[in-house]
Structure formats: C-alpha cells, structure tokens
Amino acid sequence: MSTQPSSHQTRGSTPNDLADWSASELLDAYARKAVSPVDVTKAVIARIDACEPRLQALYAYDPDAALGDARASEQRWMSGEARALDGIPATIKENIATKGTPVPLGTAARPLTPAAEDAPAAARLREDGVVVLAKTTMPDYGMLSSGLSSFHALARNPWDLSKNPGGSSAGAGAAAAAGYGPFHIGTDIGGSIRLPASWCGVFGLKPSFGRIPIDPTYYGRVAGPMTRTVRDAALMMRSLTRPDMRAPMSLPYQDLPWLDLDIEVKGLRIGVMMQAGIGMPLDPEVRDAVESAAKAFQEAGAIVEDVPPFITREMLDGLDDFWRQRAWMDMAPLSDGERGKILPYILQWAEGGKDLTGAEVYSGMNQMMVMRHAAVAATHRFDFVISPVAPCVAYPAELASPIHNPEEPFEHIGYTVAFNMSDQPASSVNAGFTKAGLPIGLQIIGRRFDDVGVLRLSQAWETMCADRRPWPTL
C-alpha cells in the first residue's frame, strides 16, 4: 500500500499526517489500498512519542503489540477479509477492562491484578479489527473531573499544558485532541465524557443508559465514544452497541441507522437551558458561545425556547451523600496503609459518607429518581435541548476540581448529571473558544433513547460552527 493524500481532511490536519486522518477517511483509503494500517499506526506512535512526555494521557501503552495488530489488519485488507473498523487506531479508558492489563481505577490503593477478559466495549472494538494502542488515564475511582490521580501521572490539556483535560475520562479527551488516533472510548456517570470533551475541544457522546453494554454496570453509568468528528463516533456506535450478556442493564439491541446523519433543522423545537439552577456561576464567554449556537439554530429555522433550570440543591447534595457513602464502602475494607495511598482529596470526600445514617443514604439515593423525573419533565416538549456542558472552561491542571474543595465537589456538573439519571443521550460538541484559546463545549440533549437524533443534530452543528481552528500541536 502507498500513502496518498485524502481528498477531505479533518480540522487542522495536513494531507501527509496520517495521525490526523479521521476513521472515515482511513477506511476509505484502506479499501482503495492507498494507505496501510501499518503506516497509520506508525504515524500515531510517532505522535504519541512526541507528545506523551508532556501530555501524560496514556496507561499500558504497547506500541509493539499495536504494530503487530496493524500488520494483521493490513493482511486482512489485502486479502479481502477486512472487518468493519479494521486498522483504526484507538485507546480505551483504563476502567474498561482489557485482557491481561490491570485495572487500578486511577488509584494507587488497588492491587494490580491483570483483567481476565475484555469488557464488552473493548471486546466489540477488537472484534471489528481496531488497533488498540493503549489505555487512557483517569483520576482515583473516576470521581474527579480532573486528570489528577494517585496512580497515574498528571494528565494535561493539549490546548494549554497548564490546564486540566477534565475527567474522569481525562486521558481519553487529551488523546483525542492530540491526535492519538481517531477512536477513544470513555465512561460517564455525571459528565465524565462530556466534560473532558468540552474542555479538550473534541466530540463526546454520553449515550442513553444501556445503549452500550457495560460491565460492571451501575445507575447512570455509561460508556461512549470520544472522537474528533461526529461521524467517527457514529462509526464506533455501530460496533459498541452490539449485545453482551454480561451487561444485565443494557437495552434490547437495535440495528439503528448510525451513519444516517442528515437532519432538517427547520421546524425542530429546541430548548435552551442557560442556567443549571445550582453550582458555579456561568462564565460569560461560555454563555456567549451557547447563545450564539441558539441563534444559529434559530436562523436555520428551528423554534427556540428557553428551558428554566430544574436542578435543586437538595438533588445535588443528596446525590453527593449517596456517592460518598458508595465510595466509602469501597475504601472502608482497605488497610490504613492502603487508604493512605488514595488521593487525599478523594479520601476526604469519601470519609464524609462513613457516618451517614441509613435514612440519609436512602434519601440521597432517592434524589436520583427525583432528578430523573425533573429532567424528563423539563425537556419532553422539545426535540432537543442545548446548554453549556460546564459553567467554566479548563482550569489549572493541578486542581482536583474547579473549586478544589471536597466539601463542594460537584458545583460544576449541574448541566450534565441529570441526564445520566434520566437515561437521555447527550453530547458535547465544540462551540468555539475563549479569547485565551480554550475550547468551549455545547451540550446537545435528546429525548430518551434518541441517540441517533443527538448525533444528527451534533453533525448539523459541526457543519454550522464557524470557529474551525487547527488542532493543537505540542
């Protein structure tokens, strides 16, 4: 195979830089035998080797194994036996098990026991020929919107290395923005895909609860794609949504038209939720970007109306209590020495759950259902709702959260967390940049189970968005 320039390149890429080609472009080039999976994997390895010493987004990076998989992929393309996503480089978040690799969950407190098998998302990607280069980093127990971890090195934001990539899919967001291949997969229980996607300027989809089989499962927890383009996320969804009996809370499998991304904006009813109702004040530059998006949709013919805030302090504090107690249940059996290895911020936060009464824990858990009903009631009149992803942009890399106070840990997730509880699909798509050059995310929320619709409106916005800056170079 010989390398030839692609006819259409993604934002900020150059024709000869294979690390920046989208998965759609690569699959087309592979089919024409114009590009080799081996050459692409080598290009991504070169990008990683150049950037990773400063970015620190990866865990269990194995370039030799990736090259071996790329050679096998090349042979399948040459023999006419290519799989659906054959030869596309990818990373997988550390908490999604891959056979033979320990799953520390971002904390130095856990034993490094190799996983016995691939989790569902990893299995689906491998079955379809994806070349897995590495796992990606996360904070302790996945409970920070940050790249700060007691086990992994501090992950940083490619747009500004002094800033945070977000979390808990911290390494995934950074890797996607830096061009560590087209495919990345994260997890999200309160914003952990959308927040790093927003702050790293990439696309992230939190699918409907149960759309992608996940193991272990938990209330509101999902896996989802993080990519540079909406279409690449749609390609991943074709594979990731296939059924797996290990996921007892998954939806019945549907063969949905993932790549049918056309939508008529004219006539759509789009709600705009500018205020979360609780938490940090909205940054004026974030507000301006979301208001500009609302205006653009209105000018394209959508019927745009305001959505009043619906999240209350009782909802967020109740969820905080329940999650603290849940985290403490994981930490209580550890020895004092083991607990001493946990990130102090996370340990202090979790210790707030150890003295809660049963009634307080139950009341906190019940707020998930209260939040669920409130989210659906506030949004059901609309085809879609748009909002900020977060009230702020990327913050200093060394901080655990924007406020950096374990007694106020979730003041930045008021726009995102309710849609985990309500099963609704929601994406983060880039809405522009601050004057300082930091990305701003636009959240697009769909009705329950309308994942394809969210991809379609995200694609429409991706086409409409005027601010098309080159991807960051480190």
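Reader: How far apart do the C-alpha centres of domain 1 and domain 2 lie?

Author: In this predicted model, the C-alpha centres of the two domains are 22 Å apart. The domain assignment places domain 1 at residues 22-241 and domain 2 at residues 269-464.

Reader: How many residues of each domain are in contact with the other?

Author: Contact here requires heavy atoms within 4.5 Å. By that criterion, 50 residues of domain 1 touch 59 residues of domain 2.

Reader: How is the size of an interface expressed?

Author: It is often given as the accessible area lost when the parts come together. Between domain 1 and domain 2, about 4300 Å² is buried, and carbon and sulfur atoms give 63% of that area. On the side of domain 1, the residues losing the most area to domain 2 are M143, R194 and W199, which together make up 16% of what that side buries.

Reader: Which polar interactions does the rule find across this interface, and how many?

Author: For a salt bridge, the nitrogen of Lys or Arg must lie within 4 Å of a carboxyl oxygen of Asp or Glu. The rule finds 2 salt bridges across the interface of domain 1 and domain 2. As for polar contacts, 29 residue pairs are found across the interface, with both residues at pLDDT 80 or more.

Reader: Which elements of domain 1 supply the side that touches domain 2?

Author: At least two residues each come from α6 (194-200), β5 (203-206) and α7 (230-240). The largest share, 6 residues, is that of α6. By class, this side of domain 1 comprises 24 nonpolar, 16 polar and 10 charged residues.

Conventions
Residues numbered from 1 in each chain as written. Predicted model: local features only at pLDDT ≥ 70, side-chain atom pairs only at ≥ 80, totals over all residues. Heavy atoms only, no water. Domains from an automatic or database assignment. Buried area = accessible area lost by both parts, 1.4 Å probe. Salt bridge = Lys/Arg side-chain N within 4 Å of Asp/Glu carboxyl O. Polar contact = N/O pair within 3.5 Å; in protein donor to acceptor, adjacent residues only side chain to side chain. Helix = DSSP H or I, 4+ residues; strand = E, 2+ residues; numbered from the N terminus. Nonpolar A, V, L, I, M, F, W, Y, C, P; charged D, E, K, R; others polar.
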